[in-house]
Amino acid sequence: MSFESLGLENALLSAIEATGYTTPTPVQIQAIPAALTGADLLVSSHTGSGKTAAFTLPCLQRLIEQRAQPGSGPRVLVLTPTRELAQQVEKAVKTYGRKLRWLNTACLVGGAPFIAQAKQLSRPVDVVVATPGRLIDHLNRRKLKLSDVQMLILDEADRMLDMGFAEDIETIVAATPQDRQTLLFSATLDGVVGNLARKLTTDAQRIEIAPAQERSGNIEQRLLLADNLTHKTRLLESLLESDDLQQAVVFTATKRSADELSISLREKGFAADALHGDMQQRARNRTLDKLRNGRISILVATDVAARGIDVAGISHVINFDPPRCAEDYVHRIGRTGRAGRDGIAITLSGPREIGVIRAIERYTGKSIEVHVIEGLEPVSRVPSSRRPPAARGKHHHHGSRDRSAQPNGRSSFRNARPGSGKGRSSAHGGGYAHARSATPKAQTV
Ligand code: AMP
């Protein structure tokens, strides 16, 4: 299958060629021809699947086919949950639209100066990429009209709903024409996303790309068990020192712990910086630039801030705190293994965080292999006969955990809440007070 066979204009094909991509990804193969027919689409696809190009290319094709009337407003509107993702999408629009000299785009996100954005909107704009909150501000202040929108894209719709944007989305959609084409992309199409999809689309074609278990094909997933916070910190430092690590994103549960951890890593000589939602957009961009150009190698981030980060050098994702839910896990590990490369995702789990790990395994349908780092083995009561052989290398793994064979594991962690980290109290995920008594028995072998 080639891009030529998808029915795209030459101007787009040559821009694709310039990116070096030769074959469309599955979501592109299915969504591009379907979108070109003008149909509404509901696409379940994940980050890293090539979904951005899957909606950007049909949008650009529409713009090529129907040039703007004088005085008209944007004809393509893309809504994304986060600023970083919006910027990433705008960049993709420019990349694939590089041959279209007349193309004007605007990225309307919070944290950036409103006035500069308003000024941008005073000129004709073909494509607006926005986060819902800031777009509403512009609508309210009449800096923007959406009555010429022909294509509306909701990117990561599930995440937008998670972040409480449901009402904003409805307000925005109400300002667009009824006969627009709507493309909704989401990790899942069930539940509340399904309800939203029904409201916003007409006779939508459903495209389901990858079942959960296939989502992270080129990403090796590992689990390291930690006895307590000190142990976890040592494990992290050892991982960050490993030779095969180019760049890493380290996830924490809270903004405060992202700040604290990045400071303590810097004090220990690591080139680390924090990225979280309390930072001004300009500071967030600066940090991401530093990551892109290699001035820092470690980004300590929270979930929201890390959405949409697409840096090819990220060889490792390290979950210092496990994510709140399994979907976040898939998004987190998708920060590595970008653009067809391999990646390693390592989750550090305290004794009481094992429940979340189990929920993740159920969601992805894949068990996460337990590894240990020589010299930093967890203090466990594993019978000596079941201990793994001493490792030659620095890291070695213990093979997959067989959940069915280890009934003790689950009951040891009855305080952990699968699929939710809500009960956790400390900035670092908590659960360490009784670390020794709750140390897993069977999981470490
Ligand atoms: P996305 O799912 O849109 O976040 O894209 C994931 C990554 O895949 C980005 O780095 C894209 O530039 C890259 N990509 C998109 N389409 C292709 C393709 N057809 N072949 C190879 N890489 C691609």
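Is Gln-221 buried or exposed? I looked this up before anything else. Gln-221 is buried, at a relative accessible area of 10%; buried means under 20% relative accessible area, exposed over 50% and partly exposed in between, with a 1.4 Å probe and protein chains only.

**Entry: the model.** I am working from a predicted model, in which local features need pLDDT of at least 70, side-chain atom pairs count only at pLDDT 80 or more, and totals for chains, interfaces and linings use all residues. Residues are numbered from 1 along each chain as its sequence is written, and side-chain values use heavy atoms, with hydrogens and water left out.

**Entry: the whole chain.** I noted 16 helices and 15 strands in the chain. Helices (H or I, at least four residues) and strands (E, at least two) are DSSP runs, numbered from the N terminus. Of the 445 residues, 58% count as buried. I then looked at contacts, where contact means heavy atoms within 4.5 Å. Among contacts with a separation of 6 or more, 76% come from residues 24 or more positions apart.

**Entry: Gln-221 again.** I placed Gln-221 in strand β8, residues 219-225.

**Entry: nonpolar cores.** A nonpolar core is a set of buried Ala, Val, Leu, Ile, Met, Phe, Trp, Tyr and Cys residues joined through side-chain atoms within 4.5 Å. I found 40 residues in the largest one, and those with the most contacts inside it are Leu-8, Leu-41, Leu-57, Leu-60, Ile-153, Leu-183 and Phe-185. Helix α3 (residues 51-65) gives the largest share of this core, eight residues. A second, separate core has 30 residues, including Ala-130, Leu-135, Leu-154 and Ala-197. In soluble globular proteins, nonpolar side chains tend to be buried together.

**Entry: second largest pocket.** On a 1 Å grid over the protein atoms alone, a pocket is an open set of points where a 1.4 Å probe fits, with protein on both sides within 12 Å along at least five of seven lines; lining residues have an atom within 4 Å of a point. The volume is the space filled by probe spheres set on the points, which are joined across faces, edges and corners. For the second largest pocket I read a volume of about 250 Å³. It has 15 lining residues, and the closest to its centre are Gln-87, Ala-112, Pro-113, Gln-281 and Asn-285. Two or more lining residues come from each of α4 (83-96), α5 (114-121) and α12 (281-292). The largest share, four residues, is from α12.

What is the make-up of the lining of the second largest pocket? I counted six nonpolar, seven polar and two charged residues. Here Ala, Val, Leu, Ile, Met, Phe, Trp, Tyr, Cys and Pro count as nonpolar, Asp, Glu, Lys and Arg as charged, and the others, Gly among them, as polar. This pocket lies between domain 1 (3-210) and domain 2 (214-428), because both give residues to its lining. The domain bounds come from an automatic or database domain assignment.

**Entry: Val-109.** I found Val-109 in the loop between β3 (105-108) and α5. Val-109 is buried, with a relative accessible area of 2%. Leaving out residues within four places in sequence, its contacts are Arg-83, Ala-86, Gln-87, Gln-117, Thr-131 and Arg-134. I also noted Gln-87 above, among the residues closest to the centre of the second largest pocket.

**Entry: two positive phi values.** Most residues other than glycine have a negative phi. Glu-156 has a phi near 50° and sits in the loop between β5 (151-154) and α7 (157-162). Asp-203 has a phi of about 45° and sits in the loop between α9 (191-200) and β7 (205-208). Glu-156 is buried at 3% relative accessible area, whereas Asp-203 is exposed at 75%.

Entry: Glu-237 belongs to helix α10, residues 229-240, and is buried at 17% relative accessible area. Not counting residues up to four places away in sequence, Glu-237 touches Leu-265, Lys-268 and Phe-270. Pro-124, in the loop between α5 and β4 (127-130), is exposed at 59%. I noted 6.7 Å from C-alpha to C-alpha between Pro-124 and Gly-73, which are 51 residues apart in sequence.
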